[in-house]
Amino acid sequence: MKKEYILWGLCGVGALVAIVALSSKLSKKKEEEYVKEMERETGGAFDRYYKNLPAGPYRDNIVAFANDRALVSNYAQRLHDAMKNAGTDIQAINDVMADLDEQKMQIVYDRFGKRPYWNYLWGMKTSFGKMMSLKEWFKEELDADQYKQVKDKYPKLF
């Protein structure tokens, strides 16, 4: 009698292991298909921004944000506008940063790219613009405390 229970128990455990393995394999295959589809749709940006994020609503939100080119460009332009002339509108920078977590800021940072930075003297441009990234713009335009706030919020970027 005990041998029968042991055999049935082993069969049950074996079936359970097979079910778990099959389920895991199917979900892995589904995730791989999703990754391939997203790489095709986003032209390689998926690998850079979202591939390492866990599947779920957050990753879907980041994908939607990155695919909304007008919105991302708007954020980048608002940052540029806040710093482009003599003086810096720190409130405008803070307003943009209030809407962006680190992943979204990375996307905005990449969209900002390198833009010409002009030196001003008495409100007049003094030389040809030097192409600078958002990080370099922030270093030029923000004082030490303001830059520290940006760096604390986005430690991987700044």
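## Ser 133

Ser 133 lies in the loop that joins strand 4 (130-132) to helix 7 (134-141). In this predicted model, the residue counts as buried because its relative accessibility is 12%, and buried means under 20%.

The side chain of Ser 133 forms a polar contact with the side chain of Tyr 109, at 3.5 Å.

## Leu 157

Leu 157 is located in the segment that follows helix 8 (144-153). With a relative accessible area of 11%, Leu 157 is buried.

When residues up to four places away in sequence are not counted, Leu 157 touches Glu 102, Met 105, Gln 106 and Lys 135.

## The protein as a whole

The secondary structure consists of eight helices and four strands. Read from the N terminus, the order of these elements is α-α-α-α-α-α-β-β-β-β-α-α.

The protein has 158 residues, of which 28% count as buried; Ser 133 and Leu 157 are among them. Of the contacts with a separation of 6 or more, 52% are between residues 24 or more positions apart. The accessible surface comes to about 10,800 Å², and carbon and sulfur atoms account for 57% of that surface.

Conventions: Residues are numbered from 1 along each chain as its sequence is written. This is a predicted model: local features need pLDDT of at least 70, side-chain atom pairs count only at pLDDT 80 or more; totals for chains, interfaces and linings use all residues. Side-chain values use heavy atoms; hydrogens and water are left out. Helices (H or I, at least four residues) and strands (E, at least two) are DSSP runs, numbered from the N terminus. Buried means under 20% relative accessible area, exposed over 50%, partly exposed in between (1.4 Å probe, protein chains only). A polar contact is a pair of N or O atoms within 3.5 Å; within protein, one must be able to donate a hydrogen and the other to accept it, and residues adjacent in sequence count only if both atoms are side-chain atoms. Contact means heavy atoms within 4.5 Å. Accessible areas come from the Shrake-Rupley method with a 1.4 Å probe; for residues, only the protein chains shown count as cover.
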